[in-house]
Amino acid sequence: MNGRSELPDERAKRARFGRRALAGFAIMLVMLLGVAGRFVYLQIFEHTEYSTRAKANRVRLKHLPPPRGLVYDREGRLLADNVPAFRLDVIPDKVKHMDDMLQRLSAIVPLTQDDIQRFKQSLKQHRAFEQVPLKFRMTESDRDRFAINQWQFPGVSIDPYLTRNYPYGDEFAHVIGYVGRIDEKEQQRLDPDRYAGTTHIGKTGLEKEYENLLHGTPGYELVEVNANQRPLRVLQRVAAKPGKNLYLTIDERLQKAAIAALGGQTGAAVAIDPRNGNVLAMVTIPSFDPNLFVNGISQADYSALLEDPEKPLLNRAMRGGYPPGSTVKPFLGLGGLELGLRKATDTVMSTGTWYIPGSSRGYRDDVRYGSGRVDLVQAITQSVNTYFYSLAYQMGIQRFDGWMAKFGFGSPTGIDLPDETGGVLPSPEWKRKTFKQPWYPGETVIAGIGQGYWMVTPLQLAHALATLSGGGLSHTPHLLAATSDGLKAPEVAYPQPPPVQITHDPADLAAVRQGMLGVVYSPLGTAYQAGVGKDFPYLIAGKTGTAERYSRTTNAYNTNKNLEYLAERHRAWFICYAPADHPQIAIAVALEHGAWGGSAAAPIARKMLNQWLADTPPSERPPVPVTAIATQSGAQGPSTP
Amino acid sequence: MNELVASFSGRAFRIGRRIFSRPRIDLPLAIGLLVLALIGLTVLYSASNLDRSMVLGQAARFVAGALLLLAVSRIPPTLLRAWTPWFYLLSSFLLIVLMVLGEGRGAERWLDLGVIRFQPSELMKLAMPMMVAWYLHPRPLPPRWRDIIAVGVLIGIPAILVGKQPDLGTALLIAASGLFVLFLAGLQWWKIGAMLAGITAVAPIAWHFMHDYQRERVMTFLHPENDPLGTGWHIIQSMIAVGSGGVLGKGFNQGTQSKLEFLPEHTTDFIFAVLGEEFGLVGVLALLVVYAFIVGRCLWIAANARDTYSRLVAGSFGLAFMVYVIVNGGMISGLLPVVGVPLPLVSYGGTSAITLLTGFGVVMSIHAHRKWTP
């Protein structure tokens, strides 16, 4: 190059370069100041916002669902338990293509259509960064297979949880009920804070009734996580408060004995302690396995339960409505005395047929030519229809209903279970409302023998009998005796409403009891043939009932002794209490297909009595829970042994 | 034999002594670089989760780079100028080799020469301004249109090669370093305006030829909240890191964003965010001041250089260096798209550090030879 000749030019070039360099540096500085300004903005003005986000980034709030309270029977047998299990959880935020992921996942862990449907439903109920359960109760092999392939599924994890378990299966399905996954409707009404992290809720039975007690209070953990959501350490932990344990009045042995005694016959049996309203047994046949429902019942299992003609999901003990038949006679007879219509010694002539005065329509006795002249005791003992036809007629439907309602007929007993039905106590108003028809006097007459529109549940009848046997003191039947805050915490009696005295004269009760003893012990008694009272250390007072499912249309009825035919037409009842002089248990047994109350239902009740009073000496039975004593104080009633 | 070895080692020693005995380096610039390297190693130590071997590795590269710097600073600019076309052709050739048989991590940026793996595109960052300066050096300035077009070709070929790798960010930076030479050569403002207008017109066409991931990055840049777990994640987490640092920062090794791996690439492209999180605004501004000082010093050296080539090379190198800082800072603070540009001399990475220090060696050489006649 010829640098020397360009020398004069060199100064100008240098100056021009200097200007350009300055301009370039100035431009760069402006841009650098722009970047610096951005940092000032982020680090001073937005500092609070980003600090919060940095914390939110690394700190995850992990809900700790409270362990559900346990349920024990009166002797401490565990009826509802929590067992550890594993489930598959998905954080929707971390999954890019949900459907694709589910498809790939189903190749590794079997996912049913139900699982996926439920999962998609619950996706809507959760926020995107919350874990949504996909599959509950994973088997060990599923767990192993997934663990190997987990890296392919970001956002999917196996988490331990406690699942509800009912060790006695179908034995208590209708009492304890079951828990199930929270559905959309429940989600809306539940307090989101109390149910954070909880997936299950009581759906039926005690699980539903005492959801508030059983649920407990959730805790939480503040966990520091890294970008992969891997927990690094726990910053703060507030433990969940477990739900209260429930101690029931029910006795597992008696329950089992009742189930065995029913022997698979469709029906129900309820036993109540007349002294305090404690429900000792409450059996419905057929039943089902509540464990099936806990983690989502399969469509096939559910269909099978729904399509079973014997309707295993129907809680017959408190929702099955049956005409009470002759079992109402002791109650009506007592009403006659209490209302002053009759004295115990007053007699009625039974000729086989009874006519409303001035009418030609006849109402039959069970014995073709009648039982002759009977007083109250004989009328109950022999179940003489005529006595009660005339008494009901004499009483009139208004007073009749008023009296029966005192025993709880026609309305739910108020037991601590959801969805109890109240049966039907027919009245002119009820009939007008339901059928838009007037009331006929003949309907009053047949109501006197528990026929017509009457519907009672086995629980109602057991409750009424408990009231009758317990000196006319009406205790609301209940299953929950006490609660506790854990195994070591003391049991706290669960308060019950005070009992109501509904009768006036103990002598009236004594007369009725005499009649009911006759049912069992008099050779003329309707349960005598069945030998209910034979070789039993205590006196049993009982009453049979046989309600007709269809009205009599032919005379064939009177001659047909084919039990299968009768079972088809009848519902058999037997109610009893014992020991008759100081009752400790009142039982109602109902059979949907029983031929006669005395022959079919009474032996079942006897087996329950054996279990409760004879096979287990009273001294070995646990004492009456404190509830009974607490609530009885102040109430007038017969002295309790 | 022994004599041969002795004479050879003796010669090598003499050459070494000649190079290092009286280093004619610019002390302020050297101090600036030293401070920068120390800041870089400190932040890297924290960002790597106190990984000593990583920091020592980076320090070793700094030492290698410093030796190269000292060596290059002894070479007269006239010699460097004479070598420039060969250097440019070598870099271009390596880019082509890379394109043919490159192996990469997603993007083909790395060339494996058995002993060392490096990124030819980093080499081109230095070769580009030198080549444009070489071309413009004997020609009348301000550059004429035909020279501008020729320069456009010189810039365009490597830029496209790098852009094809695909590494759009580096391609743009390489192009920018070439264009800075044009700017410093006194290109008229109206021509600059015309060129900018032309680029604006061409942008939609460029969009058409972009890779999907590049478009996605631009789109994510515009709306990071739309994709909080994909590409937007990087920007959001980086802004959280910087913003949560506040004025004074969370303290050395206390940054939760990088420690808990929320911050991606926290030893390389996003190391600036680690600094912002742990040392706060004070640390950020201090770093920017160091950078501004280094660049200012480069431009001062350029202004005092003795010939056009030297001025253009030193000046454009300084401006390009500043652009790296601005682009990286803009990227991690959410001002600019995520383009994958390291923070010069702070981000972990060998090729970049060594190339940059070599570049500073050129600047030092220009400084050392400012009073010499060729």
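## Model and confidence

Chain B has a mean pLDDT of 84, and 85% of its residues score at least 70; pLDDT is the predictor's confidence in each residue, on a scale from 0 to 100. This is a predicted model, in which local features need pLDDT of at least 70 and side-chain atom pairs count only at pLDDT 80 or more, while totals for chains, interfaces and linings use all residues. Residues are numbered from 1 along each chain as its sequence is written, and chains are lettered from A and ligands numbered from 1 in the order in which they are written.

Within chain B, confidence is lowest in strand β1 (residues 103-105), with a mean of 47, and highest in helix α12 (residues 271-303), with 94. Helices (H or I, at least four residues) and strands (E, at least two) are DSSP runs, numbered from the N terminus. Where pLDDT is low, the predicted coordinates should not be read in detail. The model as a whole scores ipTM 0.88 and pTM 0.65.

## Chain A overall

Chain A contains 24 helices and 23 strands. It has 641 residues, of which 45% count as buried. A residue is buried if 20 or more other C-beta atoms lie within 10 Å of its own, exposed if 12 or fewer, and partly exposed in between, with C-beta atoms placed from the backbone.

Among the contacts in chain A with a separation of 6 or more, 75% are between residues 24 or more positions apart. Two residues are in contact if their C-beta atoms, placed from the backbone, lie within 7 Å.

## A three-stranded sheet in chain A

Strands β1, β8 and β9 of chain A form an open sheet in the order β1-β8-β9, with antiparallel pairing. Strands pair if DSSP finds at least two bridges between them. β1 (59-64) and β9 (231-238) of chain A are at the edges with a single partner strand each, so one side of each has no neighbour in the sheet. From one strand to the next, the twist averages 30°.

Strand β8 (residues 219-225) of chain A is joined to β9(A) by six bridges, and the two run antiparallel. In this pairing A:E221 stands opposite A:R237 of β9(A).

## A five-stranded sheet in chain A

Another open sheet has five strands in the order β12-β11-β23-β22-β21 (chain A), again with antiparallel pairing. Its edges are β12 (279-285) and β21 (541-548) of chain A, each with a single partner strand, so one side of each is left without a neighbour in the sheet. The twist here averages 5° from one strand to the next. Six bridges connect strand β11 (residues 267-272) of chain A with β12(A) in the antiparallel sense, and A:A271 stands opposite A:A281 in β12(A).

β21(A) is mostly covered, since seven of its eight residues are buried. Helix α23 (residues 597-615) of chain A lies across β11, β12, β21, β22 (570-578) and β23 (585-591) of chain A, and runs at about 30° to β22(A). Such angles run from 0 to 180 degrees between N-to-C directions, and the axes are lines fitted to C-alpha atoms, for helices over the stretch in contact.

## Helix α3 of chain B

Helix α3 (residues 52-73) of chain B has 22 residues, which at 1.5 Å a residue should span 32 Å; its end C-alpha atoms are 31 Å apart, which agrees. The expected span is 1.5 Å times one less than the number of residues.

The buried residues of α3(B) are B:V55, B:Q58, B:F62, B:G65, B:L69 and B:S73. They cover an arc of only 80° around the axis, which puts them on the same side of α3(B); the arc is that of the directions from the helix axis to the C-beta atoms. Their cover includes α2 (27-47) and α14 (350-368) of chain B. The face turned away from the buried side carries the exposed residues B:R52, B:S53, B:L56, B:A60 and B:V63.

## B:P85 and its contacts

B:P85 is part of helix α4 (residues 77-101) of chain B. It counts as partly exposed because it has 14 C-beta neighbours inside 10 Å. Apart from neighbours within four places in sequence, B:P85 is in contact with B:M131 and B:W134. B:P85 and B:M131 are 46 residues apart along the chain, and their C-alpha atoms are separated by 6.2 Å.

## The contact between the chains

Chain B contributes 42 residues to the contact and chain A contributes 33 residues. On the side of chain B that touches chain A, α7 (168-184), α10 (231-245), α11 (256-259), α12 and α13 (308-332) of chain B each supply at least two residues. α12(B) gives the most to that side, with 12 residues.
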